[in-house]
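Open the model in your viewer and show it as a cartoon. Keep the sequence panel in view. The tour goes stop by stop.

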Amino acid sequence: MLQIPLFAAGILMAVHGLAGPSLAPKNLATTLSWVHFRGALVLVILFAGNFFCLACPFMLPRQIARRFFQPALNWPRRLRNKWLSIVLFVLILFVYELFNLWGSPWWTAWLILTYFLAAVLIDSVFKRASFCKFVCPIGQFNFVASTVSPMEVRVRDTEICVDCRTKDCIRGRRDPAGGLTVIQRGCELALFQPLKTGNMDCTFCLDCVQACPHDNVGILGRLPAGELIADPPRSGIGYFSRRKDLAALVIVFTFGALLNAFGMVSPVYALQNLIADALHLKHEAPVLGIIFFFFLVAEPVLLLGLAAWLSRRFGGSRKGILPLITRYGYGLAPLGFGVWLSHYCFHFLTGLLTFVPVVQSALSSVGLPIPGPPRWDLGGLPERFVYPIELGLLGLGLAGSLMVIYRMAEEDSADSPLPAFAPWAGLCIILWISAVWLMSQPMEMRGTFLSG
Amino acid sequence: MGIEKGKRGRAGDLVSIFSVLALWLVFGCPFVSHAHEGPPYPIIVDKPVGPCVVSVWADPDVGIGTFFIILESPNGVPAVKKVEIAVQPVTGRLPEKSHPATLENLRGRVQYKAEVPFDAQELWRVRVVLETVRGGGEVTTDVEVTPPGLGRWDLLLYLFPFILIGLLWLKGFLRGRSARKRQD
């Protein structure tokens, strides 16, 4: 039910992006994507859970396509990890900067259409939810962010699952009259409910809820970020500490948040000019590539490596550097989410009502009547309300990461967690200070009249 | 008892860390005084001025107000000789004063920015002057200059809900920790 209106909105955005005004603040594609969708997405994840995956419009054409084309192949074993999706996530961030997607309705429309096409093609060829689990960059973002959500899909009473013989939640429910027809899908992301822990890889599709014959699965409340502390074996995922790809995803998610925000403040242009002059580069792509390499590779390697080394040296851990980074890297998720929240909420809240005149203008351009001229005077919240909200969200992100990392340190060394905790806490504080500085810079008002 | 005191001591450490950070942010953080500009709001939208169509967005705060002047033209924006913002209180309390706008380094957009000092919250007349090689013109509007906030006290007030949520979150973590210890 939720997919239909979002699908309709997606199509309208694509059409308006291709055929509507080329000025970004006057176009649905850019305004709704880069101001409203991103902001609403992170706020829904913050207050509830991964409901955007539940309402994903890309799944609607995929469902329709599967009525005609039954996928026959399993997703390649070598790609059953997050590395491909990490590359795609970084690619989207890169393309966003290189082609100024926020200022280009045309390119934004093509991104939307490409996304639809990719989802339909991949899930028409490969079984289960291969696109969601292994490809979709937005999905991976949502998975990491929703580790901090206050809600989770899980069993109500584990005792009921002990006696369940049919395991419908993962196998699906077959036709009671016999035969092999599945009348209700089970989890296509391989998350077996009795052994599922947390929101990682959960799209909130609720297939498990509908499939369970005992009505024993639901959306339940929980402690945000609590799932990051312990390291139990997780259905469909394994141990977090053994999943370097997942840890890398969380690290890219966090450092990518800072990078994406940095791309919008004036010092980035000074840095780009400095790099271009120093290396005699004339094109933006290699300059951006250098900045991306620094933010997403060099900086994390340096900072995380140093924190791990200090933690090992003074915390008494016998684990290697890489296992320590893999373990504690997950603790950055709340801080990373705080940065994304702070950044996206800035645009969302300051441009809250900007969609109204854009919709009015779009309607009148196709001859539909609207009362009065488009209300271009509508904006959003004043800055003096938005800035404290940004700082508050950053503060909560830091608090969440510190609490998670402290508990991790306690799990590893109950008697003296502070020496193991301190280097990672220092890292979090450094990243937090960077984020506060970034959010304090004049920021381009993307998706509004002042975007650049 | 000694172990319980140790646990409370560690929880107290966490609370102390957060409290110090919060106080530093509000009272010591230099970034607070450089809060970013905006959001501006449109005061003039799509007005023809000379060969261009002009829109102006403003953030007219007491202290320094910021104006963004966007120029568009179906035939391409001609070379611009001058963009100025002239302001005067509607009451005539002060003489009109002009402030030049500077071209911003943006792609695909001709946009100028002017920073204008305002000394009081009242209604101000704002005149935007444009001169290009193909002619020019001006457009006038009135703008209410917004009062300054309370500064750091404003910030503390608005941060209060987040501090409250943070403390509740901490309580949740400590409870989970105690439950885990009991299980072990």
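A residue counts as buried when its relative accessible area is under 20%, and as exposed when that area is over 50%. Keep in mind throughout that this is a predicted model.

**Stop 1: helix α6, chain A**

Select residues 105-125 of chain A, which form helix α6. This helix has 21 residues. From its first C-alpha to its last, α6(A) reaches 30 Å, close to the 30 Å expected at 1.5 Å a residue.

Now show side chains. Which residues of α6(A) are buried? They are Pro105(A), Thr108(A), Ala109(A), Ile112(A), Tyr115(A), Phe116(A), Ala119(A), Ile122(A), Asp123(A) and Ser124(A). Look at the spacing as you step along. An α-helix has 3.6 residues a turn, so residues three or four places apart point the same way.

Next, colour what covers the buried residues of α6(A). The cover includes α1 (3-19), α2 (28-47), α4 (59-68), α5 (83-98), α7 (130-135) and α8 of chain A.

**Stop 2: Ser149, chain A**

Move on to the loop between α8 (137-145) and β1 (151-155) of chain A, and select Ser149(A) there. Is Ser149(A) buried or exposed? Its relative accessibility is 0%, so Ser149(A) counts as buried.

Draw a distance from the Ser149(A) side chain to the backbone of Ile45(A). A polar atom of that side chain lies 2.7 Å from the backbone oxygen of Ile45(A). Then display the contacts, leaving aside neighbours within four places in sequence: Ile45(A), Ala48(A), Gly49(A), Asn199(A), Arg222(A) and Pro224(A).

**Stop 3: two backbone angles, chain A**

Select Leu206(A), in the loop between β3 (182-184) and α11 (207-211) of chain A. Its phi is near 70 degrees, a positive value in a residue other than glycine.

Then go to His280(A), in the loop between α13 (266-279) and α14 of chain A. Phi of His280(A) is near 55 degrees, again positive in a residue other than glycine. With a relative accessibility of 69%, His280(A) counts as exposed.

**Stop 4: helices α14 and α15, chain A**

Select 284-315 for α14(A) and 321-328 for α15(A). The two helices pack at an angle of about 105 degrees, and their axes are 9 Å apart. That makes α14(A) roughly perpendicular to α15(A).

Which residues meet here? From α14(A) come Leu304(A), Gly305(A), Ala308(A), Trp309(A) and Arg312(A).

**Stop 5: helix α16, chain A**

Select residues 333-350 of chain A for helix α16. At 1.5 Å a residue, its 18 residues should span 26 Å, and the end C-alpha atoms are 25 Å apart, which agrees. Of these 18 residues, 18 are buried, so α16(A) is largely enclosed by the rest of the structure.

Zoom in on Thr350(A) in this helix. At 6% relative accessibility, Thr350(A) counts as buried. A polar atom of its side chain lies 2.5 Å from the backbone oxygen of Phe346(A).

**Stop 6: the sheet of chain B**

Switch to chain B. Here five strands form an open sheet in the order β1-β2-β3-β7-β6, with antiparallel pairing. Which strands stand at the edges? They are β1 (41-49) and β6 (102-103) of chain B, each with a single partner strand, so one side of each is left without a neighbour in the sheet.

Finish on β1(B) and β2 (52-59) of chain B, which pair in the antiparallel sense over six bridges. Select Pro42(B), and find Trp57(B) of β2(B) opposite.

Definitions and conventions:
Residues numbered from 1 in each chain as written. Chains lettered and ligands numbered in written order. Predicted model: local features only at pLDDT ≥ 70, side-chain atom pairs only at ≥ 80, totals over all residues. Heavy atoms only, no water. Helix = DSSP H or I, 4+ residues; strand = E, 2+ residues; numbered from the N terminus. Expected span 1.5 Å × (residues − 1). Buried < 20%, exposed > 50% of the residue type's maximum accessible area, 1.4 Å probe, protein only. Polar contact = N/O pair within 3.5 Å; in protein donor to acceptor, adjacent residues only side chain to side chain. Contact = heavy atoms within 4.5 Å. Pairing = 2+ DSSP bridges. Axes fitted to C-alpha atoms, helices over the stretch in contact; angles between N-to-C directions. Parallel < 35°, antiparallel > 145°, perpendicular 65-115°, else oblique.
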